Amino acid sequence: MAVTIHKRTLAQLVAGLRAKEFSSVEITRLFLERIEASQPTLNAFISITGEQALQAAGAADRDLAASRGGALTGVPIVHKDLFCTAGVRTTCGSRMLDNFVAPYDATVVAKLKAAGAVMLGKANMDEFAMGSSNETSYFGPVRNPWNPALVPGGSSGGSAAIVAARLAPLATATDTGGSIRQPAALCGVTGLKPTYGRVSRYGMVAFASSLDQGGTITATAEDAALVMREMAGFDPNDSTSVDRPVPDYVASLNAPLAGLKIGLLKEFFDKGLDPQNERRIRDALAVYEKLGAELRVVSLPNLPLSVPAYYVVAPAECSSNLARFDGVRFGHRCDAPRDLMDLYKRSRGEGFGAEVKRRIMTGTYVLSAGYYDAYYLKAQKVRQLIAADFAHAFGEVDVLMGPTTPTPAFEIGAKTSDPITMYLNDIYTIGANLAGLPAMSIPCGFTQAQGQGAGQELPVGLQIVGPHFSEAKLLNVAHKYQCETDWHTYVPGAWQ
Amino acid sequence: MSSSSEWETVIGLEIHAQLATKSKIFSGSSIAYGAPPNTQANLVDLGYPGVLPVLNAQAVQMAVKFGLAIGARIAAHSVFARKNYFYPDLPKGYQISQYELPIVAGGSLEVVLDDGSRKRVGITRAHLEEDAGKSLHEGLPGFSGVSGIDLNRAGTPLVEIVSEPEMRSAKEAVAYMKKVHTLVRYLEICDGNMQEGSFRCDANVSVRRVGQHKFGTRAEIKNLNSFRFVEKAINFEVERQIEILESGGKVVQETRLYDPDKGETRSMRSKEEANDYRYFPDPDLLPVELDEAFIAGVRSTLPELPDQKAERFSSQYGLSAYDAGVLTASRELASYYEEVVREVPGEPKLAANWVMGELAAALNKEGLEIGGGKLPASRLAGLLKRIEDKTISGKIAKEVFEAMWASGANADAIIEEKGLKQITDSSAIERAIDEVMAKNPGQLAEYRSGKDKLFGFFVGQVMKATQGKANPAQLNDLLKKKLAG
């Protein structure tokens, strides 16, 4: 077995398995070894399910031998630890669910299982997906494979680090305000947040129901297309999933981009954007021009309001969604409660971390009598304005482009004392969530790190946003770029 | 002492009717009553992490049916909202209900009061919501000093029917509640079983000086599950509030509970202690969008409604408004009555009297429901036919009815067996009259000398001699002639 098998893309692994170049058990073992070796440094996993993985891989090999199985048969994958997995604990990165084993599979988990994928374990994440640096996890921060002193981004920091370090070719992830795209950018991998309603939320532990959307972190857009074909689709268990056909995302990957109208988001190229990041984005745009695309600047005047609107709507929904963690039926329960109120207070007080508590309190406040209109209702109106801005822009252009984040990965601990600075990391990504739009982040080069690790190269992400249900177009646009460039093939030195 | 004539009572009711769907409002669990604890609670009902609600279309149809039956507006766009509060029997930490945009708004019902007058009560809104589970604080076998939670009821579909504060006495409130009870059972959207909690209400009660425009401060009495309790609780509460006000005090806005054992209401929590429910639209559920075609489809399933039926009974069968009202109080009663009339078409009034009289009394005595098979309509019709064709008198019919009730035999068999057939042979009756006259010469003489009152005595004696079988009308005629000499 060649030493670089782990560097293969998911598509290449599928092909190799089909061609019997290697078996599922072989590559499962390979990735499990890499995972074990990575844990002390990266801490990207909360659970590693080696035994089950090898069993599943064995079954996959029997299917492959008999030419049975699905599109992903035998491919090792990882799930973000907020997708419920029957029999394997689902912690959401929280002490609250440290002991929680779901009795059912999330729809995404069930679909990928049905496609033949082999689960290696569950990825670390910010607690209940609340965070932009993976530092709020009860299980400790995940470290960036490019430099362990830096954050991988969040909340899907584990998922991004896993793919960046080639510990698996695919990690599922979720994006409420940028939680797929921001860590994908900071780790130099490809992240896709689909249209709200494209992928079932059933079995995803909810943070903010109207914003949460499951998606993928992979090395390439082609891989994301392969996985989305399996993951997307209407689910009768999720009333907000949309009943419309799932296109063949792979078939349209190579469509030419000549005449593609790309809108540059004026509001994204602002003073907050690191000049080095901006240079990498401009380079990427030049590649698109070479491919025949037209660039034009578009303005979304209400977009600067997205962060404040988000930090009203998301905490409001979170305060209600997390009410079920009360120590009564599942999850953490305090020792020897004196009475009901004591049970609630201590179970929740002990079970939730600081950032989760901050958001529950903010959310409770903005929904309370006398404040609802001024905060929640107004935020919903802002949300409609932002959605209208996007709709207007998509009347003029096919896709929007800009940076995914203002800066490359920052140091662990650098922003933990100031929540607002941390929240501003999502300034470019939140708009797509508020409007329910599909968006991607793809690697578009490297920049020099500042501060600790200065001089080191760090990945930069290009963000691509499209109209509702334009995933096929986004993947096509991303794939064509990846055919022209090799930024997506870079693997951090320590994880070669 | 309170002088209640100076005070006016203001009552509004919030009625919770459990919808007779097959499954829960947001999950596939059964809603059948009486299953062992927590055997009808799936992951959705338990509020497990990651699960999502899916709206039961049957519950929507039923709410729309109710809305159409009370002449209300059916919302083209209604929204489910979360009502947030913590309680162990509320698994998600919020109840899914409807708040700003309910599915039904602005209807009314007409009630007939004891004095026969009619009153229209406005219905502000009716909205869909899920029920909570049950907390069991005592009597848990095998446990002591702990509380148990049964989530079988959690997620059961309810329609909450909110009236305008337009009722002015406990009796009016009960009449209105009974009317709603009748209606939901007619519509077959609720079984109306009050013991099992399928139909219950909260009563908002306040008093104000007669002539005063502004409403007084109200108390909300929670969870009343019988008509009798509603009446008693309201009456107690009215007295309590009047006493407070007359002694110079102030009524506190609060939630109260009715204690049926003590016959009083007591404070549960005040306004200050009340929860801030932090309602907001439930992002897990899409707004309910209903088009004209859907509403028309539901309209086509509406049965003849109680008021329409009562009106038809009055005009078609010549019944009084009161009788028509009683006979249409339930769909089962009305159809029983109509079945009887179908077989004895000439005697609708007689049929009404028997159904509301002897039959109702007999059912009542044994605590049975009409239509339960104890005395099928055709059997009762068989008895009425014998009254109609004068085979037996009304009085004998009561005796036959009792025998039918006891044995289940039909009227003809009992009449035959007991020899109860009416004597219509004039000569036989005359013979009996002659014998009675011969046996009572004194009374005969007195009668003939002008003491008319003795006529009754002779009727009685002849009836006795014929074991009550003499046809009363014939007997009257013949006796008059004979006594006159």
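Trainee: Which domains is chain B divided into?
Mentor: Chain B has domain 1 (4-297), domain 2 (306-418) and domain 3 (426-484), with bounds from an automatic or database domain assignment. This is a predicted model, where local features need pLDDT of at least 70, side-chain atom pairs count only at pLDDT 80 or more, and totals for chains, interfaces and linings use all residues. Residues are numbered from 1 along each chain as its sequence is written, while chains are lettered from A and ligands numbered from 1 in the order in which they are written.

Trainee: How far apart are the C-alpha centres of domain 2 and domain 3 of chain B?
Mentor: They lie 33 Å apart. The contact takes 4 residues from each of these two domains of chain B; two residues are in contact if their C-beta atoms, placed from the backbone, lie within 7 Å.

Trainee: Okay, new topic! What is the order of the strands in the open sheet of chain B?
Mentor: The order is S5-S4-S15, with antiparallel pairing. Strands are DSSP runs (E, at least two residues), numbered from the N terminus, and two of them pair if DSSP finds at least two bridges between them.

Trainee: Why is one side of S5 and of S15 in chain B left without a neighbour?
Mentor: S5 (94-98) and S15 (280-281) of chain B stand at the edges with a single partner strand each, so one side of each has no neighbour in the sheet.

Trainee: And what stands opposite Ala81(B)?
Mentor: That's Pro281(B), in S15(B).

Trainee: Last one: how many residues of chain A are in contact with chain B?
Mentor: 34 residues of chain A, meeting 23 residues of chain B.

Definitions and conventions:
Helices (H or I, at least four residues) and strands (E, at least two) are DSSP runs, numbered from the N terminus.
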